[in-house]
Number of protein chains: 2
Amino acid sequence: MIEVLLTDPEIVALVRRIHLGDEVGESIARAAWTVIAEPGDAVAGTLIEALGAVDALRIAVGDETSLVSVGGGAVSSRVLDDGRARWRPRAEPRAVSAALRGAASVGAQLVIPGDAAWPDSLDDLGVHAPSALWVRGRADLLRDAPRVAIVGARASSGYGEHVATELAGDLAATGAVIVSGGAYGIDGAAHRAALGAQGATIAFLAGGVDRAYPAGHQTLLRQIAEEGALVSEPPCGTAPTKWRFLARNRLIAALGHATVVVEAGRRSGSLNTAGHAAALGRPLGAVPGAVTSASSAGCHRLLREYDAQCVTSASEVRELFGSIDGSVEVSSAAMDPHHTRVLDAMSTRSRLSIDEVARRSGLSPDRVRSVLGLLHLEGDVARDDGGWRRAPARRKG
Amino acid sequence: MIEVLLTDPEIVALVRRIHLGDEVGESIARAAWTVIAEPGDAVAGTLIEALGAVDALRIAVGDETSLVSVGGGAVSSRVLDDGRARWRPRAEPRAVSAALRGAASVGAQLVIPGDAAWPDSLDDLGVHAPSALWVRGRADLLRDAPRVAIVGARASSGYGEHVATELAGDLAATGAVIVSGGAYGIDGAAHRAALGAQGATIAFLAGGVDRAYPAGHQTLLRQIAEEGALVSEPPCGTAPTKWRFLARNRLIAALGHATVVVEAGRRSGSLNTAGHAAALGRPLGAVPGAVTSASSAGCHRLLREYDAQCVTSASEVRELFGSIDGSVEVSSAAMDPHHTRVLDAMSTRSRLSIDEVARRSGLSPDRVRSVLGLLHLEGDVARDDGGWRRAPARRKG
């Protein structure tokens, strides 16, 4: 299938139109992966990490088997067979070209790892990271900082909506990007407040970015696409499903430098987002409410069981991520375990090859290469003919 | 002065009437200390701990100076002189007899360390422990378990009063003793709910137990004296002052196995009680409320700054102290640092004298004697002709 995709002039032309960058093969393969695999497919993620998206696609849905031994340590043949059984039914070049056409028709971009707009935060998801993102609007917001996920119940109360509006409005006005899920209730209040403050906001959708879901948010989502960013992992044409909502939640948690749950019943889906944030080690805040209100019971659960921080004001949310001046993004090593592992494997004196860093860090050479590229941009590592080494310690702003 | 007190037939008769126990001299001296020293006077506490109440009184307000060298390590002569300057103006035998008469006239008891009713929990206050307590009503409640301090703002909202009523009513109905400060607002709601549930409640007053303060709680306080316990550190006839309110708060915190603040403004006095509970290592709970309500701001501060546990129901309060079956009281060593220090100084094999345990533990022989007595009752230590030793380890129920 990949050969068909790579040589189809329409597909190549479409990808050139929707992807900023010249890695056409990688872009097409990653777009195809969003079509054939459900969000968070760890087997797909493992293959892509081990082989790159193009070769992973080759063994996933082609007849190629010689590559299996290359990625052989990554997945067992039984797991790979299960994956193939999942992916093959969707492995239609027409489905990929439809996704690309759908994106082009709504002006959506494809953003893949290595792109300037790709948010490194998502790499913390490891093999559960998305293979690509479809973005309508300002893809640059994905790397803007700080980003605060403000989420909560759809069945919100006037109290919850009031607090979401106050927090998101204040944070957006002072430079934070408000990340949420575009849903009714708290999500909608947070997005609206950010837009109302002429601030930045990102809505992660569970279905394609060409679909307004929920339908009652058609106007709001269009405005977000115009002034902020509408983002999704599944391609255009995909309907939201329960699974995709849950999988989408991990992206909201991973993208945010902090997550705040404003109001949530005891079983609200926003607790799922909060659980992801806690699992990723992201600061987690919960807004308390009356103990007599069922719509705050989930927030109180977060305070009790997830060690969430009690937040009652925008300045307390700012304390959650320490600073609002963007310095969170400066030190990506502090945010990203891969960066830490790569730096741990290196020294300021010895020069190492990429393969040697890979061996020491336990990461793939490709991962090491991409991490070194980012660390190099940030001045954390240096390169010369002898290889890579750590830059001498320096004070960060 | 002490000689006058000890030989005054009226005083001796009064003490025999209001104190259950035959240590008349100790009782008179401790009653006198509550008259001459303000609550929490650490110099008084240090002297009493080092010398016993009678001899401490001798050097505090008598001409006795030879004892100073005995307690010499405890306080410097300058500190002692300052203390004498504070205590002497109040060192009137008539003031002591008036306090005793006042207690007798309202049927109050004097409870001193070593009495069956004396709550060991207060010993955690060290030199800030009260020298004695004046108790109207059921002194036995002071050692009943578990005891939960439920406190909060005087300027409470309907929400706060509702929650205080629910929590205190449920906890009292299931066997907990509700400890509070008798004030308007949350305190009053907690006491009333406990009484309404035919449960036990203790009100710690800042002034004498013969004074209904606040006046509007006259009926409530009378009911507590009849069905629960009204307790204070200053003697009858003492007016409440700001200092005495603050000092009283430490007793509420120390007596409770856990403290819960139901509703509190940002500067509520109940935060002082909470601070004492935290400093004493007692579990501390705070009930959240709307972030838009100023009367919950103090509770949110406790959640953020004091690492208070968020509590929303009586069962969550019960979780704070682990169990409601009284087992908290069984292991007094776990509650009381003196017990721990005495046990640490002992072994299961060697038999030790009281003086030897005192030397090893760094506690006074008197303290060791009283601690050993309690540990003996609980089967933690054994005694024979050769001296004291630890009882072999055993499983506690």
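Two strands pair if DSSP finds at least two bridges between them. The legends below refer to a predicted model.

**View 1. Strands β2 and β6 of chain B run antiparallel.** Strand β2 of chain B covers residues 133-137 and β6 of chain B covers residues 229-232; 4 bridges join them. Within this pair, R136(B) stands opposite L230(B) of β6(B). Strands of a sheet pair through backbone hydrogen bonds, in either a parallel or an antiparallel manner.

**View 2. An open sheet of 9 strands in chain B.** The strand order is β1-β2-β6-β5-β4-β3-β7-β8-β9 in chain B, with mixed pairing. At the edges are β1 (109-111) and β9 (309-310) of chain B, each of which pairs on one side only.

**View 3. Helices α10 and α14 of chain B on the sheet.** Helix α10 of chain B, residues 186-196, packs on the sheet and touches β3 (147-151), β4 (177-180) and β5 (200-205) of chain B. The direction of α10 makes about 160 degrees with that of β4(B). Helix α14 of chain B, residues 297-305, also packs on the sheet, where it touches β7 (258-261), β8 (284-286) and β9 of chain B. Between the direction of α14 and that of β8(B) the angle is about 135 degrees.

**View 4. The side of chain A that touches chain B.** Here 14 residues of chain A are in contact with 15 residues of chain B. Two or more residues of this side come from each of α9 (158-173), α14 (297-305) and β9 (309-310) of chain A. The element that gives the most is α14(A), with 3 residues. Sorted by class, this side of chain A holds 8 nonpolar, 5 polar and 1 charged residues.

**View 5. The axis that relates chain A to chain B.** In chain A, G289(A) has the C-alpha nearest the axis, at 2.2 Å from it. The same surface serves both copies, and 100% of the contact residues of chain A recur in chain B.

**View 6. The domains of chain A.** Chain A is divided into domain 1 (2-127), domain 2 (144-206 + 241-328) and domain 3 (331-390). Taken over C-alpha atoms, the centres of domain 2 and domain 3 of chain A are separated by 34 Å.

Conventions
Residues numbered from 1 in each chain as written. Chains lettered and ligands numbered in written order. Predicted model: local features only at pLDDT ≥ 70, side-chain atom pairs only at ≥ 80, totals over all residues. Contact = placed C-beta atoms within 7 Å. Nonpolar A, V, L, I, M, F, W, Y, C, P; charged D, E, K, R; others polar. Least-squares fit on C-alpha atoms with pLDDT ≥ 70 in both. Domains from an automatic or database assignment. Axes fitted to C-alpha atoms, helices over the stretch in contact; angles between N-to-C directions.
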